[in-house]
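I opened this notebook to record what I looked up, one topic per entry.

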Amino acid sequence: MKFTELKSSLSSAPGFGYYITGDDEYVRRRAVALITGNTPFPEFNVTELDAPSSGAVADALGLMPVMAERRYVIVGVLSEAEELADYADNPAPSAVLVVLGRAKDKKGGKKDARLTAFLSSLTEVDCSPVDKKFVFRWMAAEAKKYGALVAADAAELLWQYCRGYMTSIRPELDKLCSYRSGGTVMAEDVRNLVVPSAEYAVWQLASAAASGDTAKAYAVLRSLDSSSVSPEVLFTLLYRHFRRMFYALVTPDESTLVRVLDMNAKSIYAVKREAQRFGAVRLKNILLGLSETDEEIKSGALSRDAAAQVLISAASGGVV
């Protein structure tokens with residue numbers, strides 16, 4: 001289920017276990033908070049285990065709650081499920097398990113089949129960046145705490161700057177609402193007070209390059225912090241971005257993209273849509289151009305002062 005569905009799902013009796021996936025850390029924390037709720041005596045009824053054995057998890061699930069209906073066992077990383085293989089068939093009626101992640105696959109990419117089977121028995125909660133409309137409603141509610149409003153274009157720009165991640169949006173919104181306490185946060189406030197994420201800036205840079213707008217590309221480059229403008233970091237950001245687009249375009253199997261490029265379904269759709277503006281041939285040429293430029297930087301054939309200009313030229317794929 002998606003994070004946005006979790007609250008209504010918990011209105012009835014919670015499931016015996018949840019597997020938290022997705023990479024928005026704020027959303028992940030909120031999911032755990034919703035599941036555990038306002039359980040009394042959390043010092044006794046909420047147990048947090050970092051990277052326990054499955055036996056330790058089983059023992060914790062077997063303990064009785066203290067003056068409460070349920071107790072919760074929060075597991076940071078589960079690496080095996082030997083002692084939990086049959087747990088789903090007969091779960092403890094007064095315990096709820098929350099798993100935040102699984103250990104990396106074994107050498108050679110082999111998955112632990114028993115661990116996979118156990119995790120699949122839990123209710124998965126997808127904590128990837130949530131739907132934009134949900135975030136906008138959340139922004140409006142948070143702004144009220146400051147007696148402030150958020151203009152629609154400001155909300156849209158903040159969402160874009162933070163690539164939809166509430167982990168980034170929350171502190172930025174707090175800053176903006178403090179600045180405009182009792183007033184309205186405008187798009188200009190976002191431009192003046194919020195530094196776009198490097199990923200957003202590179203996306204904008206690539207879009208400008210795609211249309212041949214090198215002036216805008218350089219303007220985006222200047223918006224990056226000084227560390228991101230360094231040739232090494234800029235190359236890495238650009239190459240990673242165009243590599244994702246290339247493989248999203250030429251790889252039909254979505255599950256392969258999720259695994260190899262660490263992308264969720266929402267990201268894949270957006271990247272494919274952007275990649276279609278370039279086409280596979282042009283993307284391949286851009287990647288080759290970026291690689292050649294990187295070699296010239298490393299060999300000293302290209303000065304560091306000129307590196308950013310040449311990298312952006314390579315990112316344009318020959319469009320001037």
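Entry 1, surface charge. I looked for charged patches and found Lys7, Arg29, Arg30 and Arg170 gathered in a patch of positive charge on the surface. I note here that the model is a predicted one.

I then looked up one member of the patch, Lys7. Lysine 7 sits in helix 1, which covers residues 3–9. Its relative accessibility is 62%, so lysine 7 counts as exposed, since the cut-off for exposed is over 50%.

How many aromatic pairs does a search of the whole structure find? I got six.

I took down the pair of phenylalanine 3 and phenylalanine 134: the ring centres are 6.0 Å apart and the planes stand at 90°, so I wrote it down as edge-to-face. Phenylalanine 3 is in helix 1 and phenylalanine 134 is in helix 6 (residues 132–144), so this pair ties together parts that are 131 residues apart in sequence. I also checked how covered each residue is. Phenylalanine 3 has 8% relative accessibility and therefore counts as buried, whereas phenylalanine 134, at 22%, counts as partly exposed.

I located phenylalanine 242 in helix 13 (residues 231–250) and phenylalanine 278 in the loop between helix 15 (265–275) and helix 16 (280–299), so the pair ties together parts 36 residues apart in sequence. Are these two buried or exposed? Phenylalanine 242 is buried, with a relative accessible area of 0%. Phenylalanine 278, at 8% relative accessibility, counts as buried too.

Definitions and conventions:
Residues are numbered from 1 along each chain as its sequence is written. This is a predicted model: local features need pLDDT of at least 70, side-chain atom pairs count only at pLDDT 80 or more; totals for chains, interfaces and linings use all residues. Side-chain values use heavy atoms; hydrogens and water are left out. Patches are made of residues with over 30% relative accessible area and no salt bridge: like charges are joined within 9 Å, nonpolar side chains (Val, Leu, Ile, Met, Phe, Trp, Tyr) within 5 Å. Accessible areas come from the Shrake-Rupley method with a 1.4 Å probe; for residues, only the protein chains shown count as cover. A salt bridge is a side-chain nitrogen of Lys or Arg within 4 Å of a carboxyl oxygen of Asp or Glu. Lys and Arg count as positive and Asp and Glu as negative; His and the chain ends are not counted. The place of a charge is taken as NZ of Lys, CZ of Arg, CG of Asp or CD of Glu. Helices (H or I, at least four residues) and strands (E, at least two) are DSSP runs, numbered from the N terminus. Buried means under 20% relative accessible area, exposed over 50%, partly exposed in between (1.4 Å probe, protein chains only). Rings of Phe, Tyr and Trp (its six-membered ring) pair if their centres lie within 6.5 Å; planes under 30 degrees apart count as stacked, over 60 as edge-to-face and the rest as tilted.
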